Amino acid sequence: IYLSVKRRRGQLESLSVKEKFGFMYGAYTEHCAFWDCVIMLRKAALALVLVFGASLGSNMQGLTAVCILILSLYLQTRLLPYRTEYESLNSIEIFSLLVSLFTFMGGLYLNDSEIAEHGRMIVSVIAACLILSFFLFFLYDLHGKIVTYCKLSPELDGVELEDDVSSVRVIAMWIKNRFKPIFCQPSRSIV
């Protein structure tokens, strides 16, 4: 509510608001300054369904969780809340929601006693592949961000990098220059 009021008044960029609440909306577009609250609400709703929904039965718990995730996915794709400099986080969040959605739906299939053993195996393999692919996608994106950070880092200021230098070499040069003062201190002799 506070952020919505400050947004309507055009005060989100004021120093006092940024100092107190900037961590909550710094990565989001102005029309989605409250998005951190939406994420927390989604997590709380899923936790409530899974913890307190036991009396509903496992299928109703799963269906309710699927509904929450579908609504979250719709809002994420409709609003694309992250700023352009964090745009890849929109893709990561959408991919994460899709994997979570399939995982819950797969749980519904696995809970059905009518599904044959090979059907259970297929659902399990697909879920594992989706989770692994998300993990690899995340690592790929993280790797790109680490290389960009290392290239723009003050530790590499004054170091000329060729255009075709490998990402491993960029990271190694950054580590070498970053920790050079620690490892290159003259040793003291004990007299």
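These legends go with a handful of close-up views of a predicted model. Local features need pLDDT of at least 70 and side-chain atom pairs count only at pLDDT 80 or more, while totals for chains, interfaces and linings use all residues. Numbering starts from 1 along each chain as its sequence is written, and side-chain values use heavy atoms, with hydrogens and water left out.

**View 1. Gln76, tucked away in helix H4.** Gln76 belongs to helix H4, residues 58-79; helices here are DSSP runs of H or I with at least four residues, numbered from the N terminus. Its relative accessible area is 0%, so Gln76 is buried (buried is under 20% relative accessible area, exposed is over 50%, partly exposed is in between, with a 1.4 Å probe and protein chains only). Skip residues up to four places away in sequence, and Gln76 touches Trp35, Pro81, Tyr82, Asn90, Glu93, Ile94 and Leu97 (contact means heavy atoms within 4.5 Å).

**View 2. The largest nonpolar core.** Nine residues make it up: Leu46, Val49, Ala65, Val66, Ile68, Leu69, Leu73, Leu97 and Leu101. A nonpolar core is a set of buried Ala, Val, Leu, Ile, Met, Phe, Trp, Tyr and Cys residues joined through side-chain atoms within 4.5 Å. Helix H3 (35-52), H4 and helix H5 (88-111) each give two or more residues to this core, and H4 supplies the largest share, five residues. Another core lies apart from it, with seven residues, among them Val147, Val170, Met173 and Trp174.

**View 3. Leu73 and its partners.** Once neighbours within four places in sequence are set aside, Leu73 is in contact with Ile94, Leu97, Leu98 and Leu101.

View 4. The structure holds six aromatic pairs (rings of Phe, Tyr and Trp, the latter by its six-membered ring, with centres within 6.5 Å; planes under 30 degrees apart are stacked, over 60 edge-to-face, the rest tilted). Tyr2 and Phe21 make a tilted pair, 4.7 Å centre to centre with 45 degrees between the planes. Tyr2 lies in helix H1 (residues 2-8) and Phe21 in helix H2 (residues 15-25), so the pair ties together parts 19 residues apart in sequence.

View 5. Phe95, Phe134 and Phe137 are linked into a cluster by ring pairs. Elsewhere, the charged end of Arg178 sits over the ring of Phe179, 5.7 Å from its centre (that takes NZ of Lys or CZ of Arg within 6 Å of the ring centre and within 35 degrees of the ring normal).
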